[in-house]
Amino acid sequence: VQLQASGGGLVQAGGSLRLSCAASGRIYRVNDMGWYRQAPGKERDLVATITSSGSTNYADSLKGRFTISRDNAKNTVYLQMNSLKPEDTAVYYCNADVRYAAYVTNRNYWGLGTQVTVSS
């Protein structure tokens with residue numbers, strides 16, 4: 001299973017970006033999906049998660065600016081980021097719990113990450 005993220009880039013403060021992450025490979029079912037981020041010199045932190053039924057969870061500091069969503073038919077998760085701030089600069093990683101067959105349990109996967117840089 002591979003997770004391919006896209007949509008990162010350079011944006012001015014106050015701007016918006018939309019990240020996408022598609023899961024591909026041998027997939028029976030994609031369960032929880034999410035986004036995490038890691039700024040230089042800091043630990044990787046939760047941004048948001050979403051279950052297969054659409055229940056969401058956000059880092060408290062990002063509620064109201066970031067929105068996570070998914071398309072189950074495409075095994076894709078999205079992150080809409082609005083009102084971006086320089087402190088949002090980080091590498092954004094997608095994450096997913098995937099079953100490759102009905103008779104196995106979830107296995108957790110990480111994408112390679114996509115850089116988001118917000119200039120002041």
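In what order do the 4 strands of the open sheet stand? The close-up views below, taken from a predicted model, begin with this sheet.

**View 1. The open sheet with antiparallel pairing.** The strand order is β1-β3-β8-β7. Strands β1 (2–6) and β7 (66–71) stand at the edges, and each has a single partner strand, so one side of each is left without a neighbour in the sheet. On average, neighbouring strands are turned by 15° against each other, direction ignored.

**View 2. Pairing of β8 with β3 and β7.** Strand β3 (residues 17–24) runs antiparallel to strand β8 (residues 76–81), and 6 bridges join them. Here Ser20 stands opposite Tyr78 in β8. Another 6 bridges join β7 to β8, again antiparallel, with Asp71 opposite Thr76. A hairpin is formed by β7 and β8, with 4 residues between them; in the turn, Asn75 has a positive phi of about 50°.

**View 3. The two faces of β7.** In a regular strand the side chains alternate between the two faces of the sheet. Phe66, Ile68 and Arg70 make up the covered face of β7, whereas Thr67, Ser69 and Asp71 make up the uncovered one.

**View 4. A network of salt bridges linking Arg37, Arg65 and Asp88.** The closest N and O atoms of Asp88 and Arg37 are 2.9 Å apart. This pair links distant parts of the chain, 51 residues apart: Asp88 lies in the loop between β8 and β9 (90–99), and Arg37 in strand β4 (residues 29–38). For Arg65 and Asp88, the corresponding separation is 2.8 Å. Asp88 counts as buried at 0% relative accessibility, as does Arg65 at 12%.

**View 5. The salt bridge between Lys63 and Asp60.** The closest N and O atoms are 3.3 Å apart. Asp60 is exposed, with a relative accessible area of 64%.

Note on methods:
Residues numbered from 1 in each chain as written. Predicted model: local features only at pLDDT ≥ 70, side-chain atom pairs only at ≥ 80, totals over all residues. Heavy atoms only, no water. Pairing = 2+ DSSP bridges. Axes fitted to C-alpha atoms, helices over the stretch in contact; angles between N-to-C directions. Buried < 20%, exposed > 50% of the residue type's maximum accessible area, 1.4 Å probe, protein only. Salt bridge = Lys/Arg side-chain N within 4 Å of Asp/Glu carboxyl O.
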